[in-house]
Structures are given as C-alpha cells and as structure tokens.
Amino acid sequence: MYSLAIESLQYSYDGHAVIDNLDLQVKENEIVCLLGASGCGKTTTLKAIAGLIRPQQGIIKIGQKQVNGENIFLAPQHRNVGMMFQDYALFPHLTVAQNVAFGLGKLSRAEKQSRVSEMLELVHLGAYAARFPHELSGGQQQRVAIARALAYRPSLLLLDEPFSNIDAQVRFQLISDIRSIIKDQKVSAIFVSHSKDEAFAFSDRLAIMHKGQIAQLGCPTELFHQPKNQVVAEFLGQGIYLDATHAGNGAFSTQFGQVNSLTQQNDAEDKGKIFVRPSHIELYNTDHGAIQVNQERFVGTEYLYAIELQGQQLEIAKPADKPLDLSKPISLKIKPHAVNFFS
Ligand SMILES: Nc1ncnc2c1ncn2[C@@H]1O[C@H](COP(=O)(O)OP(=O)(O)OP(=O)(O)O)[C@@H](O)[C@H]1O
C-alpha cells in the first residue's frame, strides 16, 4: 500500500505550468526526496500535497483517503500531514513544550502533557521543555520542529529544506538523527532538497524533478549508475559526454579507445554519447601519452589529479600507493562499467 499516491497533477501560476502532469508514489514508512534545481516545482508539489494550494487537475491520495480530485479538496488540517517547512519557524514567544503542544488542540491536558514529554524524549530534548527557541542551537530548534510535526501522529511528514540553515559540521549528524526518529515512528516522509549529498544521506528513494515532472524515481545507487536521461545523469554528479559508436557485444568505440559495458546494451541506436564519471577514468603512465595533469593533490587515502577534458575540469583519483609519475607521459582509458549510452 502507498502512503501517498499522486496522479497527473497539474498546477499553474498565471497560466504557466509549474507542476506538469506529475505522478509520484511513496510507500509506507518510506522517505522520498524530491530533488531538483531551483524553480523546478518542488515546494509547489509539497504545498499541493499539504493542501496549501489547490491544483487545477490531478488526484492526490494520502493513505486510503483521497484529498484532492475533481470536486474534492480537503483542508490541510484534515489531511493528517505533519509539516516542517524552512519558513515554519518555532513560535518565539512559546516555550519548547508549548511549541510541541501547539497542534494538539483536541487532546485533554494530561494527554497533551504526556504526548509532549514523549516527543521531547524522542528528540533527546526532555531537559529543554521550559526553554524558549532563542535559547537553543539551530540543530536543537530543528529537533523541536520535528517533535512538533510528529506530535499529532501524522501519517505523512512533509519537510521542505529542513537542514538548509544548519551549520555544515552538524548537518549530517542531525540528518542521521532525524532519519532514525522518522523511521522509529513508522511514518512516511517527503523531503525537499536541492542538495544531492543531503538527499543521499536522508532518503530511501530519490525523485529527480525537472520542469514540473519527475524525471526519474529510484534508490540513490540506481539513479547514479543507471540514469534514464541526461537531466538525471548530470544532476547527480560530475561527468563528461564522449561521442561513442556501438562496437557490438555491449562495447563502444570512443576517442579514448574501446569501452566495455558491464550491463546489457540495446544496440538499436548506432551513434550517440556515453556519460563518463571521473570514477570510470583511469590515468596511467605510458611512453606516448598526451594527457596534461594541471594539479596533483594528496588527500590521505589517494591522490587526485586535475585534468581538463572537453573544456571541463575533472579530478581523477589514484590509490595512495600507486601514484602517477608526473615526469613521464600520461594516458587515459575508460574502465569497464555500466555504460550510460544516450542516442
Ligand atoms: N506565488 C507564486 N506566484 C507565481 N509564481 C510562483 C509562485 N510561487 C512559485 N512560483 C514559481 O513557480 C516555480 C516553481 O517554484 P517552487 O517554489 O515550487 O520551486 P522549487 O523547486 O521549490 O525551488 P527552490 O529550490 O528555489 O525553492 C518557480 O518558477 C517560481 O518562480
């Protein structure tokens, strides 16, 4: 069963489509990250799920309940979603405990107290109940925000760039803490980010968004190694395109020699481009190489060599015990890998 199912969603601002026929499904207890460049429609999608805006078209189901569709539009408070938006700061004049209790209107006083204590224990802030937000660090404030979002036991959490104001040094610890809290509580979550590092660390599956649509949905390794199109390939990491021709048996001819693919290839298209990441490239010393290394960096476990290929700067690694001899000529080859061929 899905905790969220979206079908053919459409939303336009002043006639300009921002969400364009978008489909998305989130499984139970799953964290999905909507990842994409600025302006691709991530926040608008979250707002439509939350009920903060009304889409012109499309179906949204949260659990079994249809919350959006033709003649159906449930108000945000009836959708059973918890929200943690970047600009949904804590209320500065309320204590931590009062902030967490804020959405618990229907419960009795005793029930509220017990739920607030439970939530503050969950985020390891039991001793901070009487403090005000300005007396907490940024990371502690985010943990209060997650406690507040989880307090009324939503079935789906919506998180919009929740870590963007957090110091880089503590961000990945906080991401790991909040991920464990969400997993413990067995809720599903949609997390919006434009940082692939955050997305890789926080989510089970990634949905790469482009121009109001989901370009690809899958687990991080699948998207990284088998991008369906150029948008996904480029968004997830550095790399270059090389002209390539099918040479049969899953191999390709390129200007750097033959490249063998470790995955089955469809030979229908003869000519195209392959997308090559730095980790697919090997530098080695030969008698007749013409590769120019612009910089060498030692980073402990390996050496990184900066080269320029087709106008793009790439850093290629070599193990620390097998460095290049920069006084001798250098060549380049492309290692066998799951080749991404685009016709
Ligand atoms: N209230 C509005 N009126 C008109 N256009 C809007 C409005 N809100 C957003 N847009 C436009 O809709 C598009 C998508 O906006 P959205 O905020 O969903 O993008 P995003 O992917 O979340 O971007 P970011 O990563 O920068 O937050 C943008 O081009 C934006 O300018």
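Q: In β4, which residue is the bridge partner of alanine 5?
A: A quick note first: this is a predicted model, in which local features need pLDDT of at least 70, side-chain atom pairs count only at pLDDT 80 or more, and totals for chains, interfaces and linings use all residues. Residues are numbered from 1 along each chain as its sequence is written. Helices (H or I, at least four residues) and strands (E, at least two) are DSSP runs, numbered from the N terminus. In β4, alanine 5 has as its bridge partner lysine 61.

Q: How many bridges join strand β1 to strand β4?
A: β1 (residues 2-13) and β4 (residues 57-62) run antiparallel, and strands count as paired if DSSP finds at least two bridges between them. Isoleucine 6 also has a bridge partner in β4, isoleucine 60. The number of bridges joining β1 to β4 is five.

Q: Over how many bridges do β1 and β2 pair?
A: In β2, leucine 4 has valine 26 as its bridge partner. The pairing of β1 and β2 is antiparallel, and its number of bridges is nine.

Q: Which are the edge strands of the open sheet?
A: The sheet has five strands in the order β2-β1-β4-β5-β6, with antiparallel pairing. An edge strand here pairs on one side only.

Q: Is aspartate 14 buried or exposed?
A: Aspartate 14 sits in the loop between β1 and β2, a hairpin with two residues between the strands. Its phi is positive, near 50°, although the residue is not glycine. A residue is buried if 20 or more other C-beta atoms, placed from the backbone, lie within 10 Å of its own, exposed if 12 or fewer, and partly exposed in between. Because aspartate 14 has 5 C-beta neighbours inside 10 Å, it counts as exposed.

Q: What is the phi of asparagine 71?
A: Most residues other than glycine have a negative phi. Asparagine 71 lies in the loop between β5 (65-69) and β6, and with 4 other C-beta atoms within 10 Å it is exposed. Asparagine 71 is not a glycine, yet its phi is positive, at about 60°.

Q: Which helix gives the largest share of the shell around the ligand?
A: The residues around the ligand (C-beta atom, placed from the backbone, within 6 Å) include Tyr13, Val18, Gly36, Lys42, Thr43, Thr44 and His194. By kind, the shell divides into three nonpolar, seven polar and one charged, with Ala, Val, Leu, Ile, Met, Phe, Trp, Tyr, Cys and Pro taken as nonpolar, Asp, Glu, Lys and Arg as charged, and the others, Gly among them, as polar. The largest share, three residues, comes from helix α1 (residues 42-50).

Q: How many of the nine residues of α1 are buried?
A: The buried residues include Lys42, Thr44, Leu46 and Ile49. Just after the helix, glycine 51 takes a positive phi of about 90°. α1 is mostly covered, and its number of buried residues is eight.

Q: Which residues have the most contacts inside the largest nonpolar core?
A: A nonpolar core is a set of buried Ala, Val, Leu, Ile, Met, Phe, Trp, Tyr and Cys residues joined through C-beta atoms within 7 Å, and the largest one here has 81 residues. Its largest share, seven residues, comes from helix α4 (residues 138-151). Beyond four places in sequence, valine 100 touches residues including Val116, Leu120 and Ala147, a contact being two C-beta atoms, placed from the backbone, within 7 Å. The residues with the most contacts inside the core are Val100, Leu158 and Ile190.

Q: What distance separates the centres of domain 1 and domain 2?
A: The assignment, automatic or from a database, gives domain 1 (2-230) and domain 2 (240-342). The C-alpha atoms of the chain fill a box of roughly 80 × 50 × 35 Å along the principal axes. Taken over C-alpha atoms, the centres of the two domains are separated by 40 Å.

Q: What share of the residues in the chain is buried?
A: The chain has eight helices and 21 strands. Of its 343 residues, the buried share is 33%.
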